[in-house]
Amino acid sequence: MYRHSIEIHAHRGGRDLFPENSMSAFLRSAGLGVTAIELDLVISSDHRIVVSHDPWMNERLCLSPDGAELKESDRERFRLYGMTYEQIRSFDCGKADPDFPSQQAITGCKPLLSDVFDAVETACASRGRPGSMVYNLEVKSWPEKVGVYHPAPDLYARFLVDGIMSSGVESRIRLQSFDVHLLDALNRLFPGLSLGLLVAPGGDVEKLLAQLSCVPAFVNPFFRDVTVKLVGELHARQFRTVPWTVNEADDMLKLISMGVDGLITDYPERAAGIAGFAADRKNRV
């Protein structure tokens, strides 16, 4: 079980063995004892908070309600913001992702965020670790797609905050996004939220921070853009940093040596082992 200080965030629940953002992935990562489950959120047409990376039914990962294969051309027809949750849950999204050869196909729908909270909290409590899991929630948002893939920022923020504040786990929730407008809306509505600014590959951290009217707790860049200088500058300004999405052992060790606060990874068990190795090596020095 993972027990070291650097944070390990299971990206999309940890998709090395199970389909992304699935209950099977979340429960497996809860069993590993990782710091956090990182997952993605969208909104259905009836304003339910749905766990999904894509704002549509991805044909690589999902089957239609009758078990038929979907096509890429179906994406706009099956936009999640244009579907009720009852419609969404009728699709099987447990196909194995060919990008992860060890992944096991399952039968399962896109879950509600509230159901994930309930399942993971129960799993952690059954293992003697009640109240231990952090939830790193990436809110999917595209400023040019307001009204198509999601509501406008202020309304979006309202749905999210209402769902979070009724969860019972609000003290362990972080909200991260690439969309500075949504982060500002979340901060206006509830200034006490722990927010994370995601930075796209090659993104200008200073420019993005200047666009924000709030001060995030985390600045999380693409892992290949992380340098010792960047980590030092962020820490000097009291920002923590958990880069995404790092999967190779050598890259994990390199980032840990740079002083990052955590790793977002598709391979949480691998990352936990690397973090343990790095901690042991440091203790021997």
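Which residues does glycine 196 touch, not counting residues up to four places away in sequence? The legends below answer this and describe further close-up views.

The model is predicted, so that local features need pLDDT of at least 70 and side-chain atom pairs count only at pLDDT 80 or more, whereas totals for chains, interfaces and linings use all residues. Residues are numbered from 1 along each chain as its sequence is written, and side-chain values use heavy atoms, with hydrogens and water left out.

**View 1. Glycine 196 in strand β6.** Glycine 196 is placed in strand β6, residues 194-199 (strands are DSSP runs of E of at least two residues, helices runs of H or I of at least four, numbered from the N terminus). Leu175, Gln176, Ser177, Leu183 and Phe218 are the residues that glycine 196 touches, not counting those up to four places away in sequence, where contact means heavy atoms within 4.5 Å. Although glycine 196 and glutamine 176 are 20 residues apart along the chain, their C-alpha atoms are separated by 4.2 Å. Glycine 196 is buried, with a relative accessible area of 4% (buried means under 20%, exposed over 50% and partly exposed in between, with a 1.4 Å probe and protein chains only).

**View 2. The second largest cavity.** This cavity, with a volume of about 30 Å³, is lined by His9, Asn136, Arg174, Gln176, Gly196, Phe218, Asn220 and Val242. Strands β5 (173-177) and β7 (218-221) each supply at least two residues of its lining. A cavity is a set of points on a 1 Å grid over the protein atoms alone where a 1.4 Å probe fits but cannot get out, and lining residues have an atom within 4 Å of a point. By class, the lining has two nonpolar, five polar and one charged residues, with Asp, Glu, Lys and Arg counted as charged, Ala, Val, Leu, Ile, Met, Phe, Trp, Tyr, Cys and Pro as nonpolar, and the others, Gly among them, as polar.

**View 3. The largest cavity.** The largest cavity has a volume of about 120 Å³, a volume being the space filled by probe spheres set on grid points joined across faces, edges and corners. Of its 13 lining residues, Glu20, Asn21, Leu61, Cys93 and Lys110 lie nearest its centre.

**View 4. Serine 44 in a loop.** Serine 44 lies between β2 (36-43) and β3 (49-51) and is buried, with a relative accessible area of 0%. Among the residues that serine 44 touches are Val50, Leu80 and Tyr81.

Notes. On a 1 Å grid over the protein atoms alone, a cavity is a set of points where a 1.4 Å probe fits but cannot get out, and a pocket is an open set with protein on both sides within 12 Å along at least five of seven lines; lining residues have an atom within 4 Å of a point.
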